[in-house]
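Work through the following exercises with the sequence and the model side by side. Each task is followed by a solution that goes step by step.

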Amino acid sequence: MSAYIPNIIFAIFFTVSICFFSNNVRKLYRNINLGIPINRSDKKKQRWIQMFRIAFGQSKMIDKPIVGILHLVVYLGFLIINIELLEILSDGFLGTHRVFAPYLGSFYNFLIGFFEIFAILVIISVVLFLIRRNVIKIKRFWNDEMKGWPKNDANLILYIEIVLMTLFLTMNASDLWLQINSNYPQYISAGSFPISQFITPLFDSFSIDSVVLIERSAWWLHILGIFLFLNYLYYSKHLHILLAFPNTYFANLESKGKFSNLESVTNEVKMMLDPNADPFATPSSDQEISKFGASDVFDLSKVQLLNSYTCTECGRCTSECPASQTGKKLSPRKVMMDTRDRIEEVGRNIDKHKGEFKPDGKELLNNYITSEELWACTSCNACVEACPIGIDPLSIIMDMRRYLVMEKSAAPSELNNMMTNIENNGAPWPFNQMDKLNWKNEL
Amino acid sequence: MNNIEIYTFSELLAQGKTPEILFWVGCAGSFDERAKKITKAFAKILNQANVSFAVLGSEEGCTGDPAKRAGNEFLFQMQALTNIEVLNGYNIKKIVTTCPHCFNTLKNEYPELGGQYEVMHHTQFIKSLLNDGRLTVDGGSFKGKRITFHDPCYLGRANNVYKAPRDVLEKLDVELSEMKSCKQKGLCCGAGGAQMFKESEPGNQEVNIKRTEEALETQPDIIAAGCPFCNTMLTDGIKNKKKENEVKVLDIAELINQASDL
């Protein structure tokens, strides 16, 4: 019976980790669904292509070639080394050791060798990432919104990756040593170790039992580290490794210049322009009084909320933003981070109050995003273009401006003048519409 | 030079003629002193190429773009529905405009409200005139001049039109040099999103100055623009840098005009 204790412990860790993760995925799903429905069920083929190209194929990461390649290595490393996870999980449940080896033969050797090469490439890339962030101090990693947790989060992820890869290589190195030096039957001769073979000699002065202990510890810490990392995702900016896929699928396919036309407004405007409409008619009771624009996360669309969870805080948007570049408060990345912080706050509120949101006197507007930030936007779409995974900060900025103007009449006074001019003269300046063709007399 | 007559759509219809295109002049093109020069330059090009065109004159209202980007969807849709009524009333099929903001709004935001037209930016239309041989230019006067082209956001990123203005410039035999941020990565002039009509928020620089600096880095003789608002912003930037005697900010239509001596 006691022989099964490791299997049981493994199964417990696995179950706890999966339950915890599923619970967070459920929360994530619930929070995103607090948003307004938006129809993105059209053009399925184009959407799959977009997802394949941008998320799976990383096509927009190539904009910055060096970091694009480094990111590609880490991404491929993640995908490829996770194949090994299948064996690790099987071994954990079955109490076996390298259970796939006998079935795969020399292909197994090739696979393990391949994983090792990726492991070392991942370590090199991650070290370079740490250097870019902390030594070269690339500007976009040091904006105001990156202070505190976001900065630590970014570094922590990189450290975890180094630790996981080091454990993977240590596990292989000690395994190789035991394959050569021990008679334990489980350490069958299997795998090729192009990288960890250089670590193996370090164990030469150790006793067999100590190396077994190292091998087992590395194996356990590696898989526990993966369970931990899986559950860390929800609390970090690293959710993009999962959400980049739905995010690019549901991303906007229209011209970037096309801003949504509010349907609720169309109905009202049509009525205003209709000479036969009865201005005193009471609206039918089934007509919901809709709110124009967004002041909180509930007024944003599901896709906008998904955007906020997908954001990796890389700051490409902010470094391309003309307002940011000229020292204005606006940072498109901060808009996304604020949106996520607020939806998380709302989520915690719901958890606390048994599934119901109790108003907390806060809103996305003002408590997170100020009108000064919103009015600094030139709507140039540089942020949308810059995002490597299809996030659209501009749409949130515009929805919040709509709220400011249509619900609060809180536009800057110069803009009110401009709008009055349009209303009265059909032009943003105080000229008479009748004079619109005067230029022809100057020809 | 023969006199150019500008007709409104209703005038031509009264004569029993249906013009090939509607030239949507836009508010800047109608009222702004600088932008009017672009309007006149384009009207001359249309005349030179024997394009039958008309304008709406006093029937043309603001497309609503600045109101929409400022967040006033009501005002935008009031403008849009009013304009659509006029455009559909004349059964207009094809619109050409010198303003990328009008272009974007007419092309992308009017269809859902009932206004379906073929909409072209004037740089695209000029390119088609050159390609079809309806218009010819002699690049002589610009030979060897360094020109850099500033991508208007609402033409470039918003609608992926990067090639047409550059193709037209190439016909002028100019030496085209790109700014460090151009095309998809082009920096805004600072006017979009209704910024044109307000002071900017506190910061350490004006966007138009930054963009002007980027343009000046290419050491141009001419900064070519395709938008009346970009034109204003960059002209102001050049004045701020006291370079107005060395560097000119000109619209593509104006360059074609000068090259053809219209």
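**Exercise 1. Find the elements of chain B against which the buried residues of H11(B) pack.**

Solution. Begin with the helix itself: in H11 of chain B, residues 252-260, the buried residues are B:Ile252, B:Ala253, B:Glu254, B:Leu255, B:Ile256 and B:Asn257, where a residue is buried if 20 or more other C-beta atoms, placed from the backbone, lie within 10 Å of its own. Helices (H or I, at least four residues) and strands (E, at least two) are DSSP runs, numbered from the N terminus. Next, follow the partners of these buried residues, which are helix H3 (33-48), helix H7 (122-131), helix H8 (163-171), strand E7 (222-225) and strand E8 (248-251) of chain B. Finally, look just after H11(B), where B:Asp261 takes a positive phi of about 55°.

The model is a predicted one, in which local features need pLDDT of at least 70 and side-chain atom pairs count only at pLDDT 80 or more, while totals for chains, interfaces and linings use all residues. Residues are numbered from 1 along each chain as its sequence is written, and chains are lettered from A and ligands numbered from 1 in the order in which they are written.

**Exercise 2. Decide how compact chain B is for its length.**

Solution. The C-alpha trace of chain B spans about 50 × 45 × 30 Å along its principal axes, and 60% of the 262 residues count as buried. Of the contacts in chain B between residues at least 6 apart in sequence, 79% join residues at least 24 apart, a contact requiring C-beta atoms, placed from the backbone, within 7 Å.

**Exercise 3. Describe the side of chain A that touches chain B.**

Solution. Start from the count: 58 residues of chain A are in contact with 58 residues of chain B. Then assign elements; those of chain A that give two or more residues to this side include helix H9 (263-273), helix H17 (393-407) and helix H18 (413-425).

Technical notes: Two residues are in contact if their C-beta atoms, placed from the backbone, lie within 7 Å. Ala, Val, Leu, Ile, Met, Phe, Trp, Tyr, Cys and Pro count as nonpolar, Asp, Glu, Lys and Arg as charged, and the others, Gly among them, as polar. The radius of gyration is taken over C-alpha atoms; the globule rule is 2.2 Å times the number of residues to the power 0.38. A residue is buried if 20 or more other C-beta atoms lie within 10 Å of its own, exposed if 12 or fewer, and partly exposed in between; C-beta atoms are placed from the backbone.
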